[in-house]
Amino acid sequence: MLTTLNTVYTDTRAADLAWALGGEPLPALATLDLELSRAKLQLRLLGASHQVLLDEERGNCSETVACIPGSSTPLPLGVAKRVGDWEYEFAARVEVLSPGSFAGRAQELLALVSDHPHGLAGVFPGSPHAFTAMLAQCHEGQVHWRTWHAYPQDGQLVATRTRVGVRVPAGPLSPSGV
């Protein structure tokens with residue numbers, strides 16, 4: 001699903017993004033509700049970027065990547081945590097692209113996400129290449145999502161990927177004890 005967001009940039013640079021796990025739902029400009037396997041997932045586009053709410057019989061989880069006032073947690077390159085019965089993994093990277101490469105990559109990502117049944121993309125007014133996009137899937141009992149935050153004025157594209165899955169208990173040792 002592709003939408004035009006009725007707002008201006010809140011986070012104007014990739015360096016303004018922060019990461020938070022476990023926060024309350026923030027006001028959203030657009031949402032997409034999904035059921036993936038036994039999990040309910042809500043993708044949320046904020047004026048300040050994105051939030052994902054995951055609700056499943058074992059509990060719930062929220063991830064926010066946005067310009068969060070008063071946050072002291074900058075966007076990490078990677079996080080691995082236990083959240084209840086789940087293993088949570090997050091990774092982020094910033095790509096710096098030339099103007100021509102940026103425009104092509106933006107069009108490619110918007111086409112991919114807007115045509116996907118589990119995708120949500122929002123374009124900010126003023127530039128067709130200023131957007132936030134999200135794509136979710138379930139694979140082998142784990143919920144995955146990817147996001148892209150575009151900053152055409154700096155040629156920066158922030159890409160994140162997250163995986164949340166049930167923690168697998170350690171099995172018995174093999175007969176050899178290894």
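# A guided tour of the model

Start with two side chains: select glutamate 95 and arginine 93, which meet in a salt bridge, with 2.8 Å from N to O. Keep in mind as you look around that this is a predicted model.

**Stop 1**

Is glutamate 95 buried or exposed? Its relative accessible area is 17%, and because buried means under 20%, glutamate 95 counts as buried. As a general point, side chains of opposite charge can pair when their charged atoms come close.

**Stop 2: valine 94**

Now select valine 94, which sits in strand β8, residues 86-96. Valine 94 is partly exposed, with a relative accessible area of 46%. How far apart in space are valine 94 and alanine 15? From C-alpha to C-alpha the distance is 9.4 Å, although the two are 79 residues apart in sequence.

**Stop 3: two further salt bridges**

How many salt bridges does a search of the whole structure find? The search finds five. You have seen one of them, between glutamate 95 and arginine 93, and here are two others to visit.

Select glutamate 87 and arginine 82. Their side chains meet in a salt bridge, at 3.3 Å from N to O. Glutamate 87 is partly exposed, with a relative accessible area of 23%. Arginine 82, at 59% relative accessibility, counts as exposed.

Next, select helix α1, residues 99-114, and pick out glutamate 108 and arginine 105 within the helix. These two are three residues apart, about one turn of the helix. Their side chains form a salt bridge too, at 2.4 Å from N to O.

**Stop 4**

Switch to a cartoon view and colour the strands. You can follow an open sheet of seven strands in the order β1-β9-β10-β11-β12-β8-β7, and its pairing is mixed. Which strands lie at the edges? They are β1 (2-4) and β7 (78-83), each of which pairs on one side only. From one strand to the next, the twist averages 15 degrees.

**Stop 5**

Five strands make up an open sheet with the order β2-β6-β5-β4-β3, and here the pairing is antiparallel. At its edges are β2 (18-21) and β3, each pairing on one side only. The twist in this sheet averages 10 degrees from one strand to the next.

Within this sheet, select β5 and β6. How many bridges join β5 to β6? There are eight, and the two strands run antiparallel. Click on leucine 53, and you will find serine 62 of β6 standing opposite.

**Stop 6: the largest pocket**

Now turn on a surface view. In general, rolling a probe the size of a water molecule over the atoms shows where empty space is left.

The largest pocket has a volume of about 220 Å³. To get to its centre, select Leu53, Leu54, Asp55, Asn60 and Cys61, which lie nearest to it among the 18 lining residues. The elements that give two or more residues to this lining are β3 (30-36), β4 (39-46), β5 (49-56) and β6 (59-66). What kinds of residue make up the lining of this pocket? They divide into eight nonpolar, five polar and five charged residues.

**Stop 7: the cavity**

Finish inside the protein. The structure holds one cavity of 30 Å³ or more, and the largest cavity has a volume of about 130 Å³. Select Ala39, Glu56, Arg58, Gly141 and Val143 to find its centre: of the 14 lining residues, these lie nearest.

Both β5 and β12 (156-166) supply at least two residues of the cavity lining. Which of the elements gives the most to this lining? It is β12, with three residues. Overall, the lining of the largest cavity divides into eight nonpolar, three polar and three charged residues.

How values were computed
Residues numbered from 1 in each chain as written. Predicted model: local features only at pLDDT ≥ 70, side-chain atom pairs only at ≥ 80, totals over all residues. Heavy atoms only, no water. 1 Å grid on protein atoms, 1.4 Å probe; cavity = no way out; pocket = protein on both sides within 12 Å on 5 of 7 lines; lining within 4 Å. Points joined across faces, edges and corners; volume = space filled by probe spheres on them. Helix = DSSP H or I, 4+ residues; strand = E, 2+ residues; numbered from the N terminus. Nonpolar A, V, L, I, M, F, W, Y, C, P; charged D, E, K, R; others polar. Pairing = 2+ DSSP bridges. Axes fitted to C-alpha atoms, helices over the stretch in contact; angles between N-to-C directions. Salt bridge = Lys/Arg side-chain N within 4 Å of Asp/Glu carboxyl O. Buried < 20%, exposed > 50% of the residue type's maximum accessible area, 1.4 Å probe, protein only.
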